[in-house]
Amino acid sequence: MAELLTPAILLSILSASVGAATIILLAALGELLTERAGIWNMGVEGTMLCGCLAAYVAMCETSSPITAAGAAMLAGVAAGLVIGFLTVSLKVDHFVTGLGFNLLASGLTLFLFRSYTAGGKPAGYATIDRWPIPFLSEIPGIGPILFNQHLLTYAALLLVPLVSVFLARTRPGLECRAAGENPEFLEAKGISVAKRQYGALLVGSALTALGGCFMMLAFANEFRPDISGGRGWLAIVAVIAGNWRPFRTMIAVIVFAVLDSLAVHAQGMGVAIPYQFFLMLPYAASILLLAVVRTRSGQPARLGIPFLRR
Amino acid sequence: MIAFERRESAGWIAQAIAYLLAIAAGLLASVVLITITGADVADGLGALWQGAFGDAEAIGQSLAAAIPLVFTGLATVVAFRAGIWNIGQEGQVFAGAMAGYWMSLQLAGAPAIVAVPAVVLASVAGGAAVAALCAVLKTRFDVNEIISTMMLNYIIVYLLSYLLAGGPWIEAGSTAYHQTPLIADTFRLPELFGLHLGAPLALLATAAVALVIGRTPLGFELRGLGFNPVALRYKGVRVATTIVMAMAISGALSALAGVSEVFGINFRLRAEVLNGLGYTGIIVGMIGALNPWGTLVAALAFGAMANGALYMSVLTDVPSALVPAMQGILLLFVLGAAVLTRYRLRFGRKDGRHG
């Protein structure tokens, strides 16, 4: 392990972690919004996968990262609509819906990918460039870690305070929280609970899919079946461990991201421990995190309970 | 405006209509998918049918493909009926297969009369242990079982990857394939009427699960757990123990799927033959309405689809991935249609007067 911790390598791991964190952070913030509105969306993994495929196809067709991001977010909105129709409109159990949606997304993306590549795989595309921020990126230490990243990484980090302020200080944010805490109250005020929940789900799912898009643009230049590899689940864990608060959720995300990049670096450096054990780390850590961090005071009172109008 | 009114129990007519609607919608969606690929719809579905039921051999293969799905489907039934969201069937299938294979290494040279039961028992213990671990994490450490079972799926799949990809279990001289050497004859599940021992075991398991859930105190506790755990606690039932029991049974059933595939059909352990059995089992159990016999029917249908898909992908341009996509679509339609059975829908105006 000693050779793992030279300053240069540590820097490289941390810098990669911030990149890897972007994927999970976008998804976790989306899930946080959704859960605060009372929808316990377990379909994060599937939504992310839809975003990955949409971004991949858009990138192969147009080579434009902006189109790819748009396509991914549209796919996310579509996923949110399906989940919303089942949970909000039809009152199907939230867990059952999410699990069902994940299975659908896994099968459907595989089918669409195979159909798309049936006539031969399209040539890959180059991963997107970093956007170093002038001056800031030259600060020794944190400069290259925080300020030599992709545009979407800065956006994701900025979203943390934005989501926090949105929920705590704005009227739509308050209404969103009320849908998760006390929907009868919203209803009594003549405000539609369903609309707030749909809103949170659509925005949240678009963010989740954007996380998938970032993964395709910055880390992979080819789609694989189930390429999201559990990151959607890690996002759900981050929200729970973060006690449904944006900043704490970000901390949990960073823990997963560091472990994620550790695996990549260990593989590259030929550490004696088989790489599969490093790959297990984020998943093992997620279970451990839930067992240790057991404050659930921030959990919305009506999270996961379908709201029936009287 | 549509209003929902809860109803206590659904008539079988409502249930039948819901299923027919869902199947029709699922078929329609599959037609759309095949059209996307540019292939001829009739050719595609025809080949799927031919591959599944074309001749006696095809039917036999379809039945064989259904066996593991019966087990993972039943695993879903046991857990979900108890209100426990065990989605670790995938990992528990792997764990069962791995524990069984480990036992076959320990007992090398043993006669079949010892070898087969030992392998089955070891794998059942392996699957049950993994599932029970998640149950304990839930009851002792408050870790949501959806998360722990899902995360363990990844961990276990990587563990097998380590054991096979250059690890201790890989077949000597094999680098292209990550698989174990062939399993000795004495460890293979015996054949009966062209199907391996898993077939009668699957039928037996279905009957046993139906019996246990419907007619035993344990079954009463399981259903009570899913229905009203607080009442169950007041009745003096040790809820934590019941949860562990339910999970262990669920994990043991999943493990049998791993045994069937490895010791009944492929005779070597490799990840490819186990992939997806657990996840498909969740769909099977849910489409079977969490009823053991319904699950058996769903598993037979899904086994046929999986078997037909191979034939279809060879004969036409439709990729075999059509089947998982179809299954996912079918599941969502069944979930959506089930609303007809749980609520009475009232069509009326927003102010509550029915128009």
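**View 1. A salt bridge here is a side-chain nitrogen of Lys or Arg within 4 Å of a carboxyl oxygen of Asp or Glu, and A:Arg231 makes one with A:Asp260.** The closest N and O atoms of A:Arg231 and A:Asp260 sit 3.4 Å apart. Since A:Arg231 is in helix 10 of chain A and A:Asp260 is in helix 11 (residues 246–269) of chain A, the pair ties together parts that are 29 residues apart in sequence. Helices are DSSP runs (H or I, at least four residues), numbered from the N terminus. Over all chains, the rule gives eight salt bridges.

A quick note on what you're looking at: this is a predicted model, where local features need pLDDT of at least 70, side-chain atom pairs count only at pLDDT 80 or more, and totals for chains, interfaces and linings use all residues. Residues are numbered from 1 along each chain as its sequence is written, chains are lettered from A and ligands numbered from 1 in the order in which they are written, and side-chain values use heavy atoms, with hydrogens and water left out.

View 2. The contact (heavy atoms within 4.5 Å) takes in 47 residues from chain A and 48 from chain B.

**View 3. Polar links across the interface of chain A and chain B: four residue pairs in polar contact, both at pLDDT 80 or more.** A polar contact is a pair of N or O atoms within 3.5 Å; within protein, one must be able to donate a hydrogen and the other to accept it, and residues adjacent in sequence count only if both atoms are side-chain atoms.

**View 4. The helices of chain A that touch chain B.** Helix 3 (65–89), helix 4 (94–116), helix 10 (231–241) and helix 12 (275–292) of chain A each give two or more residues to that side. Helix 4 of chain A gives the most, with 15 residues. By class, this side of chain A has 31 nonpolar, nine polar and seven charged residues; Ala, Val, Leu, Ile, Met, Phe, Trp, Tyr, Cys and Pro count as nonpolar, Asp, Glu, Lys and Arg as charged, and the others, Gly among them, as polar.
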